[in-house]
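Dear colleague,

Please find below the structure that I am handing over to you. A summary of the findings comes after it.

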Amino acid sequence: MSVRSAKESVAVPPEIQSRLEAAGLRRTLATRAVLGLFLANPQGTLSHAQALASLTARGLGVNRVTLYRLLDRLAACGVLQRHADDGARTWRFGLADTGDGLAPRFECDACHRQFRLTEGSAPTQAVASDLFRTLAGLGHQGLRLDVAIHGTCASCVPDAATGPEPEPQP
Ligand SMILES: [Zn+2]
């Protein structure tokens, strides 16, 4: 077993560390390596196969079943978010929100990068508070609202030749 990957280890933010501890997840070499993949590219999402390939490329042989369980456990304890990838009929994983502000998430269906729309967070937060108040009035306890927009990012939009004119900048 190689220890070369130890020098690549990325610092685990305290919010993530506390979620791992709350879930009783031990920080094994595999856990740190998997977290490192996501922390190194916080906007990115990875399928199970891509995560496996990246780990293998780093010289870390992780059993594929172990990796499935690990990704599921990290999603269950709120460290990762799991999204259905409709096209490929698989799951994609990305870092979950750790801040307490609610920012809508935009995911490009072509390259699977995620963008946080932080400018939209104040009005979205107002909508969220309103929804939580409505739920509370009915006796329900809302905990989390995930706002996700799917589409095609600026880099993946096909050539604008057939598209609409870009909006004039003020
Ligand atoms: Zn894209």
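Predicted model: local features only at pLDDT ≥ 70, side-chain atom pairs only at ≥ 80, totals over all residues.

Residues are numbered from 1 along each chain as its sequence is written.

The mean pLDDT (the predictor's confidence in each residue, from 0 to 100) is 80 for the protein, and 80% of its residues reach 70 or more. Over residues 1–8, pLDDT stays under 50. For that stretch the model has seven contacts beyond four places in sequence, a contact being two residues whose C-beta atoms, placed from the backbone, lie within 7 Å.

The protein has five helices and six strands; these are DSSP runs, numbered from the N terminus, with helices (H or I) of at least four residues and strands (E) of at least two. Along the sequence, the pattern reads α-α-β-α-α-β-β-β-β-α-β. Of contacts between residues at least 6 apart in sequence, 55% join residues at least 24 apart.

Helix H2 (residues 29–39) packs with helix H4 (residues 64–76) at an angle of about 65°, their axes 11 Å apart; axes are lines fitted to C-alpha atoms over the stretch in contact, and angles run from 0 to 180 degrees between N-to-C directions. H2 is therefore roughly perpendicular to H4, a term for angles of 65 to 115 degrees. Ala30, Thr31 and Val34 of H2 meet Thr66, Leu70 and Leu74 of H4 in this contact.

Key
Parallel < 35°, antiparallel > 145°, perpendicular 65-115°, else oblique.
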